[in-house]
Amino acid sequence: MDEHLEILRELSCIAGSSLDHEERIDHALKLLADRTGARFSALYLCGREEGPFVPAFYKGILPSLEGGFLEKVAKGKGPSLNPDHPEGPVLATPLIEGGRCLGVMTLGYPYGGWPGEKSSEFFEIAGSILAGMVKGAQLHKEARHRLSELALLSEVGKALSSTLELPELLQLVVRLPASVITARGAILRLLDPATGELPIAASCGLEEGAVREATLRLGEGIAGVVAQEGTPLLIPDVVKEGRFAADKEHTSLICVPLRVKGKVIGTLGLYDKVTTGDTEDATFTEEDLQLLFTLASQAAIAIENSRLFTDLSQRLQEISALHTVAATAGQSLRIEEALKSTLEKMLEIMNLEVGWVRVLEEETGDLVLAVHQGLSPRYVSEASRTKRSAKRLASQVVREGKPIVVDDVLGDPELADHPIRGEGLASFASIPLLSKGRAVGVMNVGSYVHHSFTPAEVRLLTAIGNVIGVALENAQLFQGMEELARDHMLRCQELSILHEIGNAMRGTIKLDRLLQVILTGVTFGGGLGFNRALLLLVNEKANVLQGVMGVGPASGEDAASIWEGLGRRGCTLEEIIGDLEEGRRGDSAFDCLARDLKVPLVPEAGILALTALAKKAILVRDIGNDPRVNPSFEGRLQVKSFAAAPLIAKDKVVGVLVVDNKFNQQEIEEKDLEFLTLFANQAGLAIEKAQIHARLEEVNRELQNTHHQLIQQEKFAVLGEMAANIVHEIRNPLVSIGGFARRLGRRLSPSQAEWRYTDIIVKEVDRLERIVTNVLSTSRDLKPSLAEVDLNEILEDCLILFEDLCERLRIRRRIELSGEILRVRVDVAQIKQAILNLLYNAMEAMLEGGELLVRTSTAPGEVTLEVGDSGGGIPGEILDQIFDPFFTTKEHGTGLGLTLASKIVKSHSGSMEVQNRPGEGATFLIRLPGL
């Protein structure tokens, strides 16, 4: 075991030596082989997917390892032995770093030379050390590659900024990338914004015939596509791609946009990747594309405005100068800013690498890590907070108010278990931050190399600590004043919000819009700012809380989208409320949930009922552990916490307002509940006023309906009396006149003038007979003689009567009768009369031609007939009067056709309505009970 410890110590020394990373790994493998008696040692590295494994370092003759042995070892957690290898036992150990296998170390032993199973722990530790070396080598390789790229970019940047002459600059832009990425040729095109064309501005390396003379446009060719879409393009194999046939003389290509301030000003393309040496042509890679993209960014800036770089440099220098001025204690009243800038400046002055400052919390007495520089994340997470009473240096410095200096961290026995030893510091000093003789924190500085702090340095650090202490206390005082100011501003803002929402609520007396205003004010970020809100109103007759409306996003994605949109538009609460459309509400799942809630007003019903009964706001922090919660009601909100406030008007609860923060999970505080209560008091008064107004409007409507019915009854009474007096006086003469006129008409030829006169007499007599019949039918109490018939058959009989009239008036007929038998119980004669009146009404609206629509349909328990015209519709101002008796706008009308039709339909327990399309036409619908 001592031998193993010695080997591990030597491995650690190799890992920490100044040798090159590869030399360390090579030395480590040789050491393990020599000291453990192995005949060979080898290190296999793997790619990102842990295989295939490739030998990277080895000593001795490398054997063949088959059967997936290395892959099995990589998936294991420790060393594994292959005792059956033909050349002797082979031990393999996975190299694990950060939970990932970087490779496998193998040691081959002669038969009988295997160290034994007790050495597994030793090889596992050795593998861990080698994993660290491999990781270091990889990071070093990546860093070197990155540094070489940065150096290359720096050289390119210098070259591009070396001239202000555009032609010379353009030639540099094409030559440098072609040289750096080893391409056969390059083409630079600049976009003409006026024409959208991409002419060639510069090229290199290509034969004259290979350069396209034709100017491309956006979307044409490789450059046109890149310029239009603004995204780089990599085509490893032009032949296989097939999209750009014109460029098939090339093997591969890459093209990137030249972009300045988000605008594409041109493109830069490279053709035919060339490798160094005697190998054949290669293809471009993603790394080439990324490098070209970076180079193009520099080139675009140089092309667009070469002086921009100079201006930017000057501004950076100004910012750096301002930062240097600001990096002095007392220059900033922000605690973190003051500490950070002072710490950076002090480390620069003292030529030290590491520093951190702890601030004393007055309430807890803890020393909290405020700012740091050079510390590892592990130390920061483990030592972010230290108790003042703890036996640590920082606590001792605060208690005693004196600095402590440690010149040799490893040699100090009191620091044997201190976390600072794991940071690798050789020396450090801990200085109290004093203000008025009292310690308010601790400043620590350290170095990775041995540093003996001189008395002068300690005095300087102490003086700096005193300055930082005073600045820290001033910053704390300023922060306290800021918190008071913020609290005062918050109160003013709350009052302003209440005033603004109050004005909006007072601006409407329509209950539905008022509820929209209330819930919008509760959920808008410029208002109370809750994620969701729902409102329940008291139903005194049923003694329940009835949900009426809910406002809030449907999901977290919907919430993020809404908040982002509102933030982007910068809308105010007044603008949002102003944009609300009266009566419009979405059928969101949350709104449906709100309307589905019906909570009995009894204590056992849960929080919502208790809020109304107790007339007091309630905040539920954990819905799962609150015994007052009723899962049937509050449980449906699917949140952890919510708040409910009563809506009170004149000491009477009119409803309950419920809010939550389901999506941003922001905790509802007591101050939020107080603010919600203030708002709910205002909302309660506004709702009561709206309810009173709604009740008054309902009473007024009832009075108007009653008045209208009285007028209609009076009209019908007058009509009945008039009809009784004139029907018998008119009918007999009409029969005589009509009969004689028809007899005369049959004796005369249509070519004679007298025939036309008799035809006019006949038509007028028919019209008078219809008027008399309508007056008499309207004045009677209609008692239908019901029979079971098919409505489609009645309708077909009626339509036959209008065929000639439709043809004469050039009216197109669109008949859409239901394929089903529409069984109804009606008085056939009366229903025919109603249908004929609707058809006559439609014809009279289309004397200049048009389209007549007749459609029937069926629904459960109901049959519908539609008669529509394209006669321009009904003026809005008379729409409410079209069913009134004697109301007509036609020159020869009686105003009884629609009245009689409506009366007949109502006598059959049906309904009649009109769908008006101003400027287009109107459709009358008759709905009758179906069988």
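Helix H21 meets helix H23 through Leu 791, Ile 794, Leu 795, Asp 797, Cys 798 and Leu 799 on the H21 side. The H23 side supplies Val 828, Ile 831, Lys 832, Ile 835, Leu 836 and Leu 839. Contact means heavy atoms within 4.5 Å. By class, this contact has ten nonpolar, no polar and two charged residues. This is a predicted model: local features need pLDDT of at least 70, side-chain atom pairs count only at pLDDT 80 or more, and totals for chains, interfaces and linings use all residues. Residues are numbered from 1 along each chain as its sequence is written, and side-chain values use heavy atoms, with hydrogens and water left out.

**H21 and H23**
- The axes of H21 (residues 791-800) and H23 (residues 828-844) come within 10 Å and cross at roughly 50°.
- H21 and H23 are therefore oblique to each other. Angles under 35 degrees count as roughly parallel, over 145 as roughly antiparallel, 65 to 115 as roughly perpendicular and the rest as oblique.
- H21 passes H23 in a right-handed crossing, meaning that the near helix is turned clockwise from the far one by less than a right angle.
- Asn 792 also lies in H21. Asn 792 is buried, with a relative accessible area of 6%. Buried means under 20% relative accessible area, exposed over 50%, partly exposed in between (1.4 Å probe, protein chains only).
- Beyond its neighbours within four places in sequence, Asn 792 contacts Leu 817, Ser 818, Glu 820, Leu 822 and Thr 856.

**H1 and H2**
- The axes of H1 (residues 2-15) and H2 (residues 21-36) come within 9 Å and cross at roughly 165°.
- That makes H1 roughly antiparallel to H2.
- H1 contributes Glu 3, Glu 6, Ile 7, Glu 10, Leu 11, Ile 14 and Ala 15 to the contact. H2 contributes Arg 24, His 27, Ala 28, Leu 31, Leu 32, Arg 35 and Thr 36.
- The residues of this contact divide into seven nonpolar, two polar and five charged. Ala, Val, Leu, Ile, Met, Phe, Trp, Tyr, Cys and Pro count as nonpolar, Asp, Glu, Lys and Arg as charged, and the others, Gly among them, as polar.

**H5**
- Buried residues in H5 include Leu 169, Leu 170, Leu 172, Val 173, Val 174, Pro 177 and Ala 178.
- Thr 182 follows H5 and has a positive phi, near 55°.

**Leu 685**
- Leu 685 sits in helix H19 (residues 670-747) and is partly exposed, with a relative accessible area of 47%.
- Leu 685 touches Ile 648, Ala 649 and Lys 650, not counting residues up to four places away in sequence.

Key: Axes are lines fitted to C-alpha atoms, for helices over the stretch in contact, and angles run from 0 to 180 degrees between N-to-C directions. Helices (H or I, at least four residues) and strands (E, at least two) are DSSP runs, numbered from the N terminus.
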